[in-house]
Amino acid sequence: MGYPELSPDAAAYVRECIDESFRRLKVDFIDLVYVHRIDTTIPIEETITAMKEYVAAGKVGYLGLSECSADTMRRAHAVHPIAAVQIEYSPFALEIEDPKNGVLKTCRELGIEIVAYSPLGRGLLAGTIKSRDNSASSDSRRTFPRFSEENFPKNLENAGSANVQLSDEEVALIRKISEECTPSGSRAFTGDSSYGNSAQKQ
């Protein structure tokens, strides 16, 4: 669902969008429905309240958000459990790890899955882009700082590190070191499901 262009009423627009999705997909059940673009002029609580009607009716399995803040996530989750958050996440887009951003931390705390889009850095890690000339002048990526004339060559060089081949001995040594180390700090994730709560207390 995007911005409400067809109706000023949030609930009515939500129903309109979801019903239209059923019609276009020719199905009577959708596993996951996202608020794909959040309209900041409408409280997220109103949108989620309307969406959860479809979960209660057995027509939608789970609810998700896209490109949201940690605060919006918490407010939405308080109305109905949010199953997934879609957000850009790659070696070139690590903003969600920033404690000030709080998105990754909040997802872990609330048990929300992260669905990373552009995990290959919008093509930089795919190995198919060799220069800016590989993209058309109308390509929106040209407007991003990482694809600028100045930054692109540096980022392409950094992306080349993905092609480094390690020997079996080197892999074994890295694994041995990692297993012998004890992670610490608020960013250390040990696989414990209580991570979010423990990190919150630190």
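Me: Why is Asp-71 called partly exposed?
Reply: Its relative accessible area is 47%. Buried means under 20%, exposed over 50%, and partly exposed lies in between (1.4 Å probe, protein chains only). The value 47% falls in between, so Asp-71 counts as partly exposed.

Me: What kind of model is this, and how are its residues numbered?
Reply: The model is predicted: local features need pLDDT of at least 70 and side-chain atom pairs count only at pLDDT 80 or more, while totals for chains, interfaces and linings use all residues. Residues are numbered from 1 along each chain as its sequence is written, and side-chain values use heavy atoms, with hydrogens and water left out.

Me: What makes up the secondary structure of the protein chain?
Reply: Seven helices and four strands. Helices are DSSP runs of H or I with at least four residues, strands are runs of E with at least two, and both are numbered from the N terminus. The order is α-β-α-β-α-β-α-β-α-α-α.

Me: What share of the protein chain counts as buried?
Reply: Of its 202 residues, 31%. The accessible surface comes to about 12700 Å², and 51% of that belongs to carbon and sulfur atoms. These areas come from the Shrake-Rupley method with a 1.4 Å probe; for residues, only the protein chains shown count as cover.

Me: What makes Asp-71 and Arg-75 a salt bridge?
Reply: The term asks for a side-chain nitrogen of Lys or Arg within 4 Å of a carboxyl oxygen of Asp or Glu. Here the N to O distance is 3.7 Å. That passes, so the pair is a salt bridge. Asp-71 and Arg-75 are four residues apart in helix α3, about one helical turn.

Me: What does the salt bridge between Arg-75 and Glu-45 tie together?
Reply: Its N to O distance is 2.9 Å. Arg-75 lies in helix α3 (residues 70-79) and Glu-45 in helix α2 (residues 44-56), so the bridge ties parts 30 residues apart in sequence. Both ends are partly exposed: Arg-75 has a relative accessible area of 32%, and Glu-45 has 27%.

Me: How do you know that Glu-150 is exposed?
Reply: Its relative accessible area is 57%. That clears the exposed cut-off, so Glu-150 qualifies. Its salt-bridge partner is Lys-154, with the closest N and O atoms 3.8 Å apart. Lys-154, at 46%, is partly exposed. The structure holds 10 salt bridges.

Me: How do you know that Cys-68 is in no disulfide?
Reply: A disulfide needs a pair of cysteine sulfur atoms within 2.5 Å. The nearest cysteine sulfur to that of Cys-68 belongs to Cys-107, 6.8 Å away. The structure holds zero disulfides. Both cysteines are buried: Cys-68 at 6% and Cys-107 at 2%.

Me: How do you know that the buried residues of α3 are on the same side?
Reply: The buried residues are Ala-70, Thr-72, Met-73 and Ala-76. The arc is that of the directions from the helix axis to the C-beta atoms. These residues cover only 155°, so they lie on the same side of α3. They pack against α2, β2, β3 and α4.

Me: Why is Ser-66 called buried?
Reply: Its relative accessibility is 1%, under the buried cut-off, so the label holds. Ser-66 lies in strand β2. Contact means heavy atoms within 4.5 Å. Beyond residues up to four places away in sequence, Ser-66 touches Val-35, His-36, Arg-37, Ile-38 and Gln-86. Ser-66 and Gln-86 are 20 residues apart in sequence, with 4.5 Å from C-alpha to C-alpha.
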